[in-house]
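Try each task before you read its solution.

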Amino acid sequence: IIVAATIIAVCVVGIVGAIRVYMQVVYQNTRETQAVLLLDETAEALQHIRDDQEYEMLNDIEYAVFWDGSGYGLSTSTPILPYGMTQTVVFSEVTRNGSDQIAESGTVDPDTQLATITIEWPYRDTTKIIVSEMLIHHMYD
């Protein structure tokens, strides 16, 4: 009976430890998935904002994208998102070289902006971050 109880106790401790690790992995993956979905939604919202032509996207200012019930908008205040997530979008100018390719230096393209989307969320004692860049072409100007 003592040997059987010891074997059962060791198995239970192992199973509890495995469940704990599993729950931590699930929590982390859930937050990362939510952050990627928020990043994707932000990128799509920027295209809608560009198409609506209601917002001026100024360079080097931190914006947040929000839904006002009828459409997307830009705000300079940071909205409160679930799970402590934050979302920022910063626009910057795009330069093109003589071959009309994007380059570090050259002529500023007035019809294109680079949007850098950053999603941050707390995880344990650190902050996780994902960053994505996309080009916004002002083709309707």
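**Exercise 1. A loop residue**

Is D60 buried or exposed?

*Solution.* Before we start, a word on the ground rules: this is a predicted model, where local features need pLDDT of at least 70, side-chain atom pairs count only at pLDDT 80 or more, and totals for chains, interfaces and linings use all residues. Residues are numbered from 1 along each chain as its sequence is written, and side-chain values use heavy atoms, with hydrogens and water left out.

Step 1: learn the scale. Buried means under 20% relative accessible area, exposed means over 50%, and partly exposed is in between (1.4 Å probe, protein chains only).

Step 2: apply it. D60 has a relative accessible area of 65%, so D60 is exposed.

Step 3: D60 lies in the loop between α1 and β1; helices (H or I, at least four residues) and strands (E, at least two) are DSSP runs, numbered from the N terminus.

Step 4: look at the backbone. Most residues other than glycine have a negative phi. D60 is not a glycine, yet its phi is positive, at about 60°.

**Exercise 2. Another positive phi**

Find where R124 lies, and say what its phi is near.

*Solution.* Step 1: go to the loop between β5 and β6, which holds R124. Step 2: read the angle; phi of R124 is near 55°, a positive value in a residue other than glycine. Step 3: check the surface. R124 counts as exposed because its relative accessibility is 58%.

**Exercise 3. Charged partners**

How many salt bridges does the structure hold, and which residues are linked in a network of them?

*Solution.* Step 1: recall the idea. Side chains of opposite charge can pair when their charged atoms come close. Here the cut-off is a side-chain nitrogen of Lys or Arg within 4 Å of a carboxyl oxygen of Asp or Glu.

Step 1: count. There are three salt bridges in the structure.

Step 2: take R50 and D51, whose closest N and O atoms are 2.7 Å apart. R50 is buried at 14% relative accessible area, while D51 is partly exposed at 35%.

Step 3: move to R96. Its bridge to D100 has the closest N and O atoms 4.0 Å apart, and D100 counts as exposed at 54% relative accessibility. The side chains of R96 and D109 also meet in a salt bridge, at 2.6 Å from N to O. That pair links distant parts of the chain: D109 is in strand β5 (residues 107-123) and R96 in strand β3 (residues 86-96), 13 residues apart. Both D109 and R96 are buried.

Step 4: The network of salt bridges links R96, D100 and D109.

**Exercise 4. The core**

*Solution.* Step 1: define the core. It is a set of buried Ala, Val, Leu, Ile, Met, Phe, Trp, Tyr and Cys residues joined through side-chain atoms within 4.5 Å.

Step 1: Of the 20 residues in the largest nonpolar core, L46, L74, V89, F91 and I117 touch the most other members.

Step 2: name the contributors. Two or more residues each come from α1, β1 (62-67), β3, β5 and β6 (126-137). The largest share, seven residues, comes from α1.

Step 3: see what covers the helix. Among the buried residues of α1 are L38, L39, L46 and I49, and the cover over its buried residues includes β1, β2 (72-75), β3, β5 and β6.

Terms used:
Contact means heavy atoms within 4.5 Å.
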